[in-house]
Amino acid sequence: MNYIELKKEYEDYIISMRRYFHENPELSGKETNTVNKICAELHSMGIEYVNIDKGGILAKITGNVESDKAVLLRADVDALAIEENEDNLKKDMRTCISKNKGVMHACGHDGHTAMLLGAAKVLSQMKHEINGTIYLCFECGEELIGYARYILKYIEDNDIKIDTVFGMHLYSGLESGKIIINDSSVMAGNITFEVTIIGKGGHGSCPQEAINPIDCFADVHKNLLSFGKDERFKNCTYSVGQVNAGSAKNIIPQTLSFSGTMRTFDMDNAGEKFFDEFIQMLQNTTKEHGCYAEYNMPVISNLPLINDSKFAVWARETINKQLGEDFVSTGAPWMATESFSNYTYQWPGVFALVGIKNDKKGTGAPHHNYQFDIDESVLINGTLMHIIYATEYLKSELQGSRKMKYRALLDKARKTSYIKELYNE
């Protein structure tokens with residue numbers, strides 16, 4: 001396959017799709033027009049698909065070469081509740097801007113969708129070369145966490161056989177032209193916590209008659225920060241992102257609530273140990289202040305995203321063989337979280353990080369930031385990787401796993417004390 005010619009032929013289409021989705025973003029769970037547009041594009045390509053309620057779109061391309069092997073390629077489609085800045089990191093360098101006030105593609109999902117549609121367009125025109133079945137998954141509600149379960153349930157209920165999965169994320173922490181496929185850890189798991197400290201309210205003129213939960217929280221937070229010195233938690237990051245207390249400057253509040261997240265690649269060990277220590281510290285500190293705490297058990301909202309080592313090595317070697325030596329390399333994992341971890345829990349899979357940081361174009365602002373933007377020149381590379389992973393896997397002797405684990409994960413979630421909210425039905 002001549003990938004240089006593919007780049008010339010399809011790059012404009014991919015960029016036009018990205019700009020359409022960027023200009024017309026929709027929030028998680030409300031992607032009606034986005035889904036309709038994707039369906040219209042797939043229909044024009046002659047690709048069969050199903051619109052899964054709440055989950056998104058699952059399309060299917062069946063090759064003309066008889067084989068029972070199957071691969072799933074995935075993208076996410078939702079946007080964020082952020083008012084977009086008219087400039088990215090440089091003035092007058094944005095190629096397009098959201099038309100929906102207060103809604104913005106600030107994480108790259110517009111690019112993810114465009115790259116997979118580009119792959120769909122190419123793959124639909126080369127069915128005679130495909131040695132099996134390629135599924136294209138456009139996932140809704142990724143930012144809300146949990147919508148992947150509707151897709152997984154549909155796949156299991158309909159006995160759809162899949163051997164391996166592939167996806168990618170545009171990444172502002174990596175320079176344009178660089179692509180990472182790691183042998184193991186790619187993105188972290190995420191555990192959230194919500195706590196309410198109950199003290200004794202009172203008037204600012206008589207603080208001695210009250211028990212101020214703000215004073216208690218100050219010590220709780222100080223003690224929480226000390227966890228960073230513990231070697232057991234060196235592979236974790238954690239933070240408090242919300243604190244709420246009080247209604248007036250002269251009233252000592254009765255309660256204070258705070259919430260935050262902890263992220264790790266080692267959920268079973270570091271994750272559970274962290275929260276065992278956190279809860280014990282919380283109980284001890286509130287007791288010292290004469291307060292008490294109410295809290296939900298920490299919620300695992302995303303599992304760590306871990307590549308299958310065998311498939312990751314194969315993917316790097318295969319993509320580099322087709323697109324050039326060192327086109328893909330390895331690098332530091334990203335502490336953000338991704339619902340694609342739910343797919344790699346089910347099947348052996350690979351997730352790539354595609355750099356978009358380009359100082360000349362003003363791209364490279366953090367994800368979920370109002371100045372976030374992407375370097376559109378890298379999108380064609382993502383499309384080519386989708387095509388290569390799918391077609392070369394189907395031709396290879398590499399074998400995946402057809403045994404789905406969705407129901408097993410549900411059972412595990414119900415038995416563990418760490419509630420996996422993602423799988424609650």
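Rings of Phe, Tyr and Trp, the last by its six-membered ring, count as a pair when their centres lie within 6.5 Å; planes under 30 degrees apart are stacked, over 60 edge-to-face, and the rest tilted. With that rule, a search of the whole structure gives 18 aromatic pairs.

Before the details, the ground rules. This is a predicted model, where local features need pLDDT of at least 70 and side-chain atom pairs count only at pLDDT 80 or more, while totals for chains, interfaces and linings use all residues. Residues are numbered from 1 along each chain as its sequence is written, and side-chain values use heavy atoms, with hydrogens and water left out.

Back to the rings. Phe217 and Phe258 make a tilted pair, 5.0 Å centre to centre with 50° between the planes. Phe217 sits in helix α5 (residues 213–225) and Phe258 in strand β12, so this pair ties together parts that are 41 residues apart in sequence. Helices here are DSSP runs of H or I with at least four residues, strands are runs of E with at least two, and both are numbered from the N terminus. Buried means under 20% relative accessible area, exposed over 50%, and partly exposed in between, with a 1.4 Å probe and protein chains only.

Next, Phe275 and Phe278. Their ring centres are 5.7 Å apart and their planes stand at 85°, so the pair is edge-to-face. Both residues lie in helix α6, three residues apart, about one turn of the helix, and both are buried. Phe275 and Phe278 also belong to one aromatic cluster with Phe193, Phe217, Phe227, Tyr238, Phe258 and Phe274.

Strand β12 (residues 255–264) is mostly covered, with seven of its 10 residues buried. Two strands pair if DSSP finds at least two bridges between them. Strand β8 (residues 189–198) runs antiparallel to β12 and is joined to β12 by 10 bridges; Phe193 stands opposite Gly260 there. Strand β10 (residues 236–245) is also antiparallel to β12, with nine bridges, and Cys236 faces Thr264.

Which residues line the largest cavity? They are Phe193, Glu194, Val195, Phe275, Phe278, Ile279, Tyr295, Asn296 and Pro298. Strand β8 and helix α6 (267–288) are the elements that give two or more residues to this lining. The cavity holds about 40 Å³ of space, and the structure has one cavity of 30 Å³ or more. On a 1 Å grid over the protein atoms alone, a cavity is a set of points where a 1.4 Å probe fits but cannot get out; a pocket is an open set with protein on both sides within 12 Å along at least five of seven lines; lining residues have an atom within 4 Å of a point. Points are joined across faces, edges and corners, and a volume is the space filled by probe spheres set on them.

The largest pocket has a volume of about 500 Å³. Of its 21 lining residues, Glu143, Arg263, Ala336, Thr337 and His368 are the closest to the centre.

Last, Asn64, in the loop between β2 (56–62) and β3 (70–76). Asn64 is exposed at 59% relative accessible area. Leaving aside residues up to four places away in sequence, Asn64 touches Lys127, His128 and Ile130, contact meaning heavy atoms within 4.5 Å.
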